[in-house]
Amino acid sequence: MGEPATLRWLGTAAILAIGMTAGGYLLGNGLLRAKDAERAVTVRGLAERDVTADLATWTIAYSASSTSLAQAQDKVRRDTQAIEGFFKDLGFPAEALQPTGANVASYTNEGVTTYTVRQRLALRSEDIARAQRAVARQFDLVGRGVFLEEGSGMSYTFTGLNDIKPEMVAEATRDARASAQQFAEDSGSGVGKIRDATQGYFTIEARDGEAGGWGMADSPYKKVRVVTTVSFSLD
């Protein structure tokens, strides 16, 4: 084999050796990165908080039926005055009670037409204690000649969620880290930085379950909950 051919062969061998060395290094480095990527734990953190509603809304539906449209309308007007008096006696300002709709329906049976007039009012108040007292005395309306229709009910709402969100997310994250720490101790590792985190949905539910009865299908005592999913690196 001549000298030029020998040099070409040696050059090719050197290039192959360098390529194999570099390839081996990259492969080994990739395995190390993959191994590091496996050293993580994903856990969930929970935060709960008991709150009291700050807004009460009571939808009041009532109606009157008669073969005389004028008489049906007159009965609804009297009922409206009775309802307004009921809330006034409880100390609610007049503007807390507002009409939200009315309609008239009729049907004819054997040549006799009956008219039904329906009215809806809505009470909106931030005085939760007073609203509870109103619901507790709602059957006083029956004594005033007002019969509430199905669909009349008090609804309590908590509107301050945005004020407590940051603290609750932080609390859920701390709870997740505590779970990760327990896992790490069991596996002989330490908890590192957060690799990835997902905030779950906030839910607001009745704290003690739903209460039954007209106007009492909701509770002012709520439980706010959020669950976060957090991935921590392990040292």
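I began with helix α5, where L161, I164, M168, A172, A176, A180 and A184 are buried. Buried means under 20% relative accessible area, exposed over 50%, and partly exposed in between, with a 1.4 Å probe and protein chains only. Helices (H or I, at least four residues) and strands (E, at least two) are DSSP runs, numbered from the N terminus.

A note on the source: this is a predicted model, in which local features need pLDDT of at least 70, side-chain atom pairs count only at pLDDT 80 or more, and totals for chains, interfaces and linings use all residues. Residues are numbered from 1 along each chain as its sequence is written, and side-chain values use heavy atoms, with hydrogens and water left out.

**Entry 1: more on α5**

I looked up what covers the buried residues of α5, and the cover includes β1 (40-52), β6 (191-199), β7 (203-206) and β8. For contact I took heavy atoms within 4.5 Å.

Next I checked the length of α5 (residues 161-186): at 1.5 Å a residue its 26 residues should span 38 Å, and the end C-alpha atoms are 37 Å apart, which agrees. The expected span is 1.5 Å times one less than the number of residues. I also found a kink of about 25° in α5, centred on E167; the bend at a residue is the angle between axes fitted to the seven residues ending there and the seven starting there. Just after α5, G188 takes a positive phi of about 70°.

R49 has its place in strand β1. I asked what R49 is in contact with, beyond its neighbours within four places in sequence. The list is I164, E167, M168, E171, K222, K223 and V224. R49 is partly exposed, with a relative accessible area of 23%.

S233 lies in strand β8 (residues 221-234). Is S233 buried or exposed? S233 is buried, at a relative accessible area of 16%. Not counting residues up to four places away in sequence, S233 touches R39, A40, G190, V191, G192, K193 and R195.

**Entry 2: the open sheet**

I then followed an open sheet of four strands, in the order β3-β4-β2-β5, with antiparallel pairing. Two strands pair if DSSP finds at least two bridges between them. β3 (97-109) and β5 (153-157) stand at the edges with a single partner strand each, so one side of each has no neighbour in the sheet. The twist averages 15° from one strand to the next.

Helix α2 (residues 69-89) packs on the sheet, touching β2 (55-66), β3 and β4, and its direction makes about 155° with that of β2. Axes are lines fitted to C-alpha atoms, for helices over the stretch in contact, and angles run from 0 to 180 degrees between N-to-C directions. Helix α3 (residues 128-136) lies across β2 and β5, running at about 160° to β5.

β3 and strand β4 (residues 112-125) run antiparallel and are joined by 12 bridges. I picked out two positions: T108 stands opposite T113 in β4, and S106 stands opposite Y115 in β4. The hairpin of β3 and β4 has two residues between the strands, and in it E110 takes a positive phi near 55°.

**Entry 3: the whole chain**

To finish, I noted five helices and eight strands in the chain. Buried residues make up 31% of the 235 residues.
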